[in-house]
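Me: Please take one part of this model and look at it closely, starting from the surroundings of the ligand. Keep it brisk.

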Amino acid sequence: MTAHGERVTAGRAAARGALSLVLLAGIAAILVMIVPSGLYDWIKAAHVVAIIAWMAGMLYLPRLFVYHVASPAGSEASETFKIMERRLLRAIINPAMMASWSFGLWLAWEGFRFSAGWLHAKLAAVVALSAVHGYLAGAVRRFAEDSNRKSARHWRIVNEIPTLLMIVIVVLVIVKPF
Ligand code: HEM
């Protein structure tokens, strides 16, 4: 792909990311209006379920990339990986991310009015996690076009980032150190 093509693709990805953020802020605002505060524990349970699905996908996708890199373009294995990656992203990771954010923002407003130190730090870590999500979504597109240039080692390293962010996030929300 040319440098111009890459800029256009990156621009579209950023526009899609911005649209998702607007959409989920709207969903969270609607939830705040219609869901009674008494359902706090139920929404928290739904949040944790959504997080489990989001994290499972975020940890599995770069693993698929590690194996995909080893399959020659056009081979049966490579075409199978493309289907697995696309389905994992569209059917699990994207909806789970939207649900995690929507329920999480509801909890942050209902429980804390967005005013706790640990919550601000958690939000920063979750924004970083969402950026990794965007990066992986872009990679799914590049693998589908057989234009991935990154090595298996690169994807192994990327695989560790959601794990590290997850540890930080869980400690922040459960220990609430500040
Ligand atoms: C997407 C944006 C997110 C927001 C706005 C958010 C916000 C929140 C809030 C306000 C709570 C309630 C805390 C309490 O009642 O003590 C909560 C619970 C929780 N969150 Fe999130 N969260 C988000 C994403 C995540 C992620 C990515 C993870 C894990 C990787 C996570 C893990 C948890 C867990 C385990 C709980 C339950 C904690 C408890 O019951 O003590 N959250 N979240």
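Reply: Four helices each supply at least two residues of the shell around the ligand: helix 2 (40-69), helix 3 (76-112), helix 4 (117-144) and helix 5 (152-175). Helices here are DSSP runs of H or I with at least four residues, strands are E runs with at least two, and both are numbered from the N terminus. This is a predicted model, so local features need pLDDT of at least 70, side-chain atom pairs count only at pLDDT 80 or more, and totals for chains, interfaces and linings use all residues. Residue numbers start from 1 along each chain as its sequence is written.

The shell holds 22 residues, and the closest are Trp101, Gly104, Leu107, Ala108 and Val126. The shell divides into 17 nonpolar residues, four polar and one charged. Ala, Val, Leu, Ile, Met, Phe, Trp, Tyr, Cys and Pro count as nonpolar, Asp, Glu, Lys and Arg as charged, and the others, Gly among them, as polar. Helix 3 gives the largest share of the shell, eight residues. That makes helix 3 the part to follow.

First, the setting. The protein chain has five helices and zero strands. Along the sequence the pattern reads α-α-α-α-α. The C-alpha atoms fill a box of roughly 55 × 30 × 25 Å, taken along the principal axes. The chain has 178 residues, and 20% of them count as buried. Buried means 20 or more other C-beta atoms within 10 Å of the residue's own; exposed means 12 or fewer, and partly exposed lies in between, with C-beta atoms placed from the backbone. Among contacts in the chain with a separation of 6 or more, 87% join residues 24 or more positions apart. A contact needs two C-beta atoms, placed from the backbone, within 7 Å.

Now helix 3 itself. Helix 3 has 37 residues. From first C-alpha to last, helix 3 reaches 51 Å, close to the 54 Å expected at 1.5 Å a residue. The expected span is 1.5 Å times one less than the number of residues. Helix 3 also bends, by about 40° at Leu89. That bend is the angle between axes fitted to the seven residues ending there and the seven starting there.

Which residues of helix 3 are buried? They are Phe81, Glu85, Ile93, Ala96, Met97, Ser100, Trp101, Ser102, Phe103, Gly104, Leu105 and Trp106. Trp101 and Gly104 are also among the closest residues to the ligand.

The largest nonpolar core has 20 residues, and Trp54 and Ile93 have the most contacts inside it. Helix 2, helix 3 and helix 4 each supply at least two residues of this core. Such a core is a set of buried Ala, Val, Leu, Ile, Met, Phe, Trp, Tyr and Cys residues joined through C-beta atoms within 7 Å. Trp54 touches Ile93, Ala96, Met97 and Ser100, leaving out residues up to four places away in sequence.

Helix 4 meets helix 3 too. The buried residues of helix 4 pack against helix 2, helix 3 and helix 5. Among them are Val126 and His133. His133 is buried because 22 C-beta neighbours lie inside 10 Å. With residues up to four places away set aside, His133 touches Met58, Ile93 and Met97. Met97 is 36 residues from His133 along the chain, yet their C-alpha atoms are separated by 8.7 Å.

Lys82 gives another link. Lys82 sits in helix 3. With 18 other C-beta atoms within 10 Å, Lys82 is partly exposed. Lys82 touches Phe143 and Ala144, again leaving out residues up to four places away.

Arg113 follows helix 3 and has a positive phi, near 50°. Phe114, in the loop between helix 3 and helix 4, has a positive phi of about 60° although it is not a glycine. Most residues other than glycine have a negative phi. Phe114 counts as exposed because it has 11 C-beta neighbours inside 10 Å.

Definitions and conventions
A residue is near a molecule or strand if its C-beta atom, placed from the backbone, lies within 6 Å of it.
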